[in-house]
Amino acid sequence: YFKGIGVPKDEVEAVKWFRKSADQGYAKAQDNLGLEYVKGINVPRDEAEAVKWFRKAADQGYASGQNNLGVAYLTGNGLPIDKVEAIKWYRKAADQGYANAQYNLGVAYANGNGVVKDEAEAAKLYRKAADQGYANAQNNLGVAYANGKGVAKDEAEAVKWYRKAANQGSELAIANMKKLGF
């Protein structure tokens, strides 16, 4: 129902099915239900309820749920800010190869947010996510190469990564390419 595959698209009906599946312990449905509560679409916006569902998914080892729980801890949405917990959950998801978590963990290392600042580690994590086609990571890897942050400065490599992100519609990557004259 959520995507309208084989049935008419009906997000309200989809939420009913997410809840039925989530109540039966299906991690992906728990994560999806958490996202619905974060957005406040088709259900009342309730960040604490979102965290409840993210935690259920995360505790089952579901990478997206782990990443989303990490976001909640980092931003304080639905629970108190706890950067150490955020990093713990990002790392669990990143270790499973989840690109969004690899990117989020890379941002944390780049900024020293919840971890000791380490630009080389940030670049390594961006590369893992970028290699999976994650546009934000491709852009950030381009920035790393353009500025020699965690990697050797290499304008050609920067443009390569900016171009990959730009081809996915990243306005930031397009702007970064223009700064380099491309």
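Let's start with E49, which is found in helix α3, residues 47-59. Helices here are DSSP runs of H or I, at least four residues, and strands are runs of E, at least two, numbered from the N terminus. This is a predicted model, where local features need pLDDT of at least 70 and side-chain atom pairs count only at pLDDT 80 or more, while totals for chains, interfaces and linings use all residues. Residues are numbered from 1 along each chain as its sequence is written, and side-chain values use heavy atoms, with hydrogens and water left out.

Is E49 buried or exposed? Buried, at 19% relative accessibility. The cut-offs: buried is under 20% relative accessible area, exposed is over 50%, partly exposed is in between, with a 1.4 Å probe and protein chains only. The E49 side chain also makes a polar contact with the side chain of W53, at 3.0 Å. A polar contact is a pair of N or O atoms within 3.5 Å; within protein, one must be able to donate a hydrogen and the other to accept it, and residues adjacent in sequence count only if both atoms are side-chain atoms.

Now the whole protein. It has ten helices and zero strands. Of its 182 residues, 42% are buried. The C-alpha atoms fill a box of roughly 50 × 40 × 25 Å, taken along the principal axes.

Next, a helix pair. Helix α4 (residues 63-75) and helix α5 (residues 83-94) pack at about 160°, axes 8 Å apart. Axes are lines fitted to C-alpha atoms, for helices over the stretch in contact, and angles run from 0 to 180 degrees between N-to-C directions. So α4 is roughly antiparallel to α5, a label for angles over 145 degrees. Which residues of α4 and α5 make the contact? From α4, they include A63, Q66 and L69. From α5, they include W89, Y90 and A93. Contact means heavy atoms within 4.5 Å.

Last stop, Q138. It is found in helix α8, residues 135-147. Q138 is buried, with a relative accessible area of 4%. Leaving aside neighbours within four places in sequence, Q138 is in contact with A130, G133, W161, Y162, K164, A165 and Q168. Which side chain has a polar contact of 2.7 Å with that of Q138? The side chain of Q168. R127 is eleven residues from Q138 along the chain, and their C-alpha atoms are separated by 7.3 Å.

Note on methods:
Angles under 35 degrees count as roughly parallel, over 145 as roughly antiparallel, 65 to 115 as roughly perpendicular and the rest as oblique.
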